[in-house]
Amino acid sequence: MSESGPDDYRDLFEHAPCGYLTIGPDGRIRKVNATLAVWTGVGADKFIGRRLHEFLNMAGRIYYETHIAPLLRMQGFFNEFAIDFETAAGERLPVIANAAERRDADGGLLFTAVVVLKATDRRRYERQLVDSRSELRKGLATERETAELREQFIAVLGHDLRNPLAAISAGARILQRSGALKEHKELRVLDMINSTVTRMSDLIDDILDFARGRLGGGITLHRDARPLEPVLEQVVDELRTASPQRVIETSFEITSPLKCDRTRIGQLASNLIGNALTHGAKDQPVRIGAKTEGDEFSLWVANAGEPIADAAMLRLFEPFFRGEVRNSRNGLGLGLHIASQIAQAHGGRIDVTSTLEETRFVFTMPLTPTTS
Amino acid sequence: MVRSSPVILIVEDEFLLRMNSAEVIEDAGFEVIQAADADEAIAILTARPDIHVVFTDIQMPGSMDGLMLARFVRDRWPPIKIIATSGLVRVGDDDLPAGSIFLPKPYPHATLVATLREMTSG
Amino acid sequence: MDALARNNVHVSGRGRRDMVFAHGFGCDQNMWRFVAPEFEGDFKIVLFDHVGAGGSDLSAYDKGKYSTLQGYADDLVEICNALSLKDAVFVGHSVSAMIGVLASLKAPDLFARMVLVGPSARYIDDVDYVGGFSEKQIAELLEFLEDNHMGWSAAMAPSIMGNTDRPELAEELTNSFCRTDPEIAKAFARVTFTSDNRADLPRVKVPTLILQCSEDIIASEEVGKFVRSRIPGSEIVFLKATGHCPNLSAPAEVVSAIRAYV
C-alpha cells in the first residue's frame, strides 16, 4: 500500500490552486475540494448534497438557471463565466468558472465538473472597463447630439444670412430688367451691387466654415472618387474671370484614382490661389499644379514676389491672421486657416516655403484615407 | 378661342424675392398672383377658382409654413399643383403631396419656368 | 420587415395541427431541441427566436417597442399570422408564458390551447404577493449581467468542435445558444423581471396547462399556483423535474405532460 504524498491525485484535487467541485446528475454537489471550502469559509460537508446555486448570490442563481444550466445541457460545457459565491461571512467572492459535463458511453450524464478561480481583481478591473466604456458611450452620444444641434444652428444661421442677400440680388435684377436705368453709371451701380453681394456671400461661407471647425467637430467631408481635375479647372477659370489681368498657369497630372471631397479641395485650391494673387507679384504668373505619386496626392500653388516674413510664417494658418495687408477686400483672413482645416480633415497637411525666388504652398494627403 | 394664361400663385414672405420671381414667371407667359404668407394664400385660393399652380417658399412666418400649406391646398383643392422651394431644408418626395416638385434654392430661373410649363401643359 | 426572417422562424413536422414553441429569457429556440421533435409526427412545429436572441435580426431591436412584453407578443401574433396558424397549441417557457397570454388576448382565435412552462405573472414581491425577488435583487441581476458581458463574448462563441463528448453537436449550429447583444440581454432581463401581468390572467379564454417544477427559484410553486388560480379553467401539473428549464433537464417528463393535454 503506497503512502499518500503531497502530489498524489487526491491531494492534487484537494489542494489545487483553484476551487473544484462536481455535481451529480440529480443536480446535487458530490465532491468539493478543500480550496473552495477555505475560500468560501463553508465546511466541505456543508456543500455535499446541496445545489450549487445555494452558494451563489441571487443574481448568480438566476444566471445559473437561465444560462449556465441550459448551456451545459445543450453544449456540454461552458467556459469563463463569472459568478459570485456568498461566503459564510456573508461577503461576495467573485470568481471565473469553467464547467464541463462528463457522460458515459451511452450519453448518460455522470457528473458535471466545475472549476473556479478567484477573480476579485480581474472582475473589478473588468467592471471598471465596462463602466468607463459606458461613460464613453454616453459622452459620445451627448457629443453627437451637440454636433447635430450645432450643425442645425449653423445651417439656420447660413440660411437667415443668405436670404436677405438673395433679396438684394433679386432687387438688382428687377431694376436691371426694367430697363429704366440707362445711364452707364447707373448700370455700373447694379453690377457693383451684384459683385458686392457675391463677396458678402463668400464671407458668410467662410464664417460658417470657421464656426463648424472651431466649435468642434471639424469640417465634415463627403468623399467620392469622381475626377478632381474638372473642379480645379473651374476654380482657376473663376479666378481668371475675377482677375482678368493676372496669369494663372496650371499643370495637372492626376493619374491615380483619388477619394476626396472635391468641393472642399476646390475650396482649398481657391483659397491658396486667392492668397497668391493677393500677396504675390502682380506682374508674375501664379502657378498651380496637382499630381498623384505613389500613395500621395499633392497640390501646390506658387507665386513670385516678396517672401513671407519669418514672424508671419509661424502664424499663417491662424484664423483672422491677415499679415501686413489690412484691407476688408481680402476677406477675414480665414482662407488659409480653412485650407489647413480641409487639409487636416483629409488626413493631410500644408507646407510653406518662401524665398526670394518664390513662395510655395504644398498640400499633400495620403491616397488611402488613414482617418475616416 | 383664346386660351387664357395659366394662373400661378406665388407665396413668399421676402418682398424682393417675390417680386423678382413674379416678373420671371410673367415674362414666361403666365398670370401671377402674389401672397406674402399662407393666410393670404388661402384667402386668395378661396376667392379664385382658377389657380393652376401654387409656388411656395417653405420657411414663412404666420400660422403655417410651406409644407403645411402644401398639404392644406392638396386637401381642399386637389387639382392644384404644387412647387415648393427652400434654401434651408432638404425636402424628400414623401414630405410633399404626391406629384409635387421641390426646388432647392438657389435654382436657375429656367428650371422654374420649365417646371411650370410642364405642370400647366395638357 | 419580414417577420419570419426577423425572428429566425423554423417550421417542421408533418401534422395538420399547429404547435408553436416560445423560448424564455436567457437562451433561444434551441432549448426546445429535446421536446419539439417529439411532436413532429402529429403537428406542424413552429420555432422562433425573440428579437435580440439567437439568430434573430438584431437590427430589428427597438428599445421602445421591446420595453414591454407587449412588443414581443405583437411579434408572436405577426409570426402566427404570417404562417396562417389557427387553433394552435402554444408552448411558452418562463417569460414567454406571459408573452403567449398577451398574444392570445390580442388574437383570441390564434391558440386553441396553451401550455405554460415555469410561468410567473410577476417576479418582484408585492403586498400580499410573493414573486420571489426584491427590487434590490433584480437591480443586482442587471448589474451582474454586465459583469458577464466580458466573459460573454469569450464564452459565448462556442467551439463546439472541441467537444468530443457530444459529437452530434459538432455538426450542428455554430452559433451560441445563449449569446446575444449584452445591451439587449440587459434590457430583456429588465422587461422580464419588472413585468406584472397579474391583471391579464383572468381574461384568458383559452384552456391552459401550467407545468410547474419543484425547486425552481425563478418561478416557485407558489407563483405557479397563483397563475393557475387566476386563469379560469386552467390546470396545473407538478413535475418531478427540478430547476427552471425542465425542457432541457427532464424533456421526457415535459413531452408526456404536453402530450396528455393536447
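Helix α10 of chain A, residues 335–345, is mostly covered, with 10 of its 11 residues buried. Buried here means that 20 or more other C-beta atoms, placed from the backbone, lie within 10 Å of the residue's own. Helices are DSSP runs (H or I, at least four residues), numbered from the N terminus. Among the buried residues of α10(A) are A:Leu336, A:His337, A:Ile338 and A:Gln341. A:Gly347 follows α10(A), and its phi is positive, near 75 degrees.

This is a predicted model, where local features need pLDDT of at least 70, side-chain atom pairs count only at pLDDT 80 or more, and totals for chains, interfaces and linings use all residues. Residues are numbered from 1 along each chain as its sequence is written, while chains are lettered from A and ligands numbered from 1 in the order in which they are written.

Now turn to where the chains meet. The contact takes 12 residues from chain A and 9 residues from chain B. Two residues are in contact if their C-beta atoms, placed from the backbone, lie within 7 Å.

One helix pair spans the two chains. Helix α5 of chain A (residues 120–178) packs with helix α1 of chain B (residues 15–27) at an angle of about 40 degrees, their axes 8 Å apart. Axes are lines fitted to C-alpha atoms over the stretch in contact, and angles run from 0 to 180 degrees between N-to-C directions. In α5(A), residues including A:Ala166, A:Ala170 and A:Ile174 meet residues of α1(B), among them B:Leu16 and B:Met19.

Definitions and conventions:
Buried ≥ 20, exposed ≤ 12 C-beta atoms within 10 Å, placed from the backbone.
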